[in-house]
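The sequence and structure follow.

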Amino acid sequence: MYQYKEVKDYVYVLSLDNHVEIVEALTAFCKEKEILTGRISGLGAINEATFRFLNPATKQYVDKTFNEQMEITNLTGNISQKDGKPYLHLHITASRSDYSCIGGHLLSARINGACELFVEDYWDCEPMGRSFDEETGLNLYKF
Ligand code: FE
């Protein structure tokens, strides 16, 4: 699913295998390394992605899948935990064949090419949990 190298203490470079789903692979890596707080950044190429849009007025989620080859121009996110499990919050921007970009809150994306990521494990800070916030309809940090 992935190869990784610890390039300095608690900082990993990941190379995900072709055709894997990015969120699944990152979640598996966080479980393997027991990362409870951290940061993710990366790039790559995908041919399928599902983004989620939350309408704040209605609190309804609108999910949309794009099936086309795209370059990940930025994938950024944080690692926290919810209900004792790793919780990834990921946003992505991806460029299409006409060089325009689309993006949003990432639910899933399938690699078609490569995906290279940095994962930083903030192992020495207190684990940060989340809980559901009624007002926004979001799982917000609870410090
Ligand atoms: Fe989000």
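Aspartate 83 is exposed, at 68% relative accessible area, where exposed means over 50%, buried under 20% and partly exposed in between (1.4 Å probe, protein chains only). Its side chain meets that of lysine 82 in a salt bridge, 3.2 Å from N to O. A salt bridge here is a side-chain nitrogen of Lys or Arg within 4 Å of a carboxyl oxygen of Asp or Glu, and the count by this rule is three.

The model is predicted: local features need pLDDT of at least 70, side-chain atom pairs count only at pLDDT 80 or more, and totals for chains, interfaces and linings use all residues. Residues are numbered from 1 along each chain as its sequence is written, and side-chain values use heavy atoms, with hydrogens and water left out.

- Lysine 82 has a relative accessible area of 22% and is partly exposed.

**Arginine 52 and aspartate 63**
- A salt bridge of 2.8 Å (N to O) joins the side chains of arginine 52 and aspartate 63.
- Arginine 52 belongs to strand β3 (residues 38–55) and aspartate 63 to strand β4 (residues 60–66), so the pair ties together parts 11 residues apart in sequence; strands (E, at least two residues) are DSSP runs, numbered from the N terminus.
- Arginine 52 is partly exposed at 27% relative accessibility, and aspartate 63 is partly exposed at 39%.

**Arginine 96 and glutamate 68**
- The side chains of arginine 96 and glutamate 68 form a salt bridge of 2.8 Å, N to O.
- This pair links distant parts of the chain, 28 residues apart: arginine 96 is in the loop between β6 (85–95) and β7 (101–121), and glutamate 68 is in the loop between β4 and β5 (70–82).
- Arginine 96 is partly exposed at 25% relative accessibility, and glutamate 68 is partly exposed at 25%.

Conventions. Helix = DSSP H or I, 4+ residues; strand = E, 2+ residues; numbered from the N terminus.
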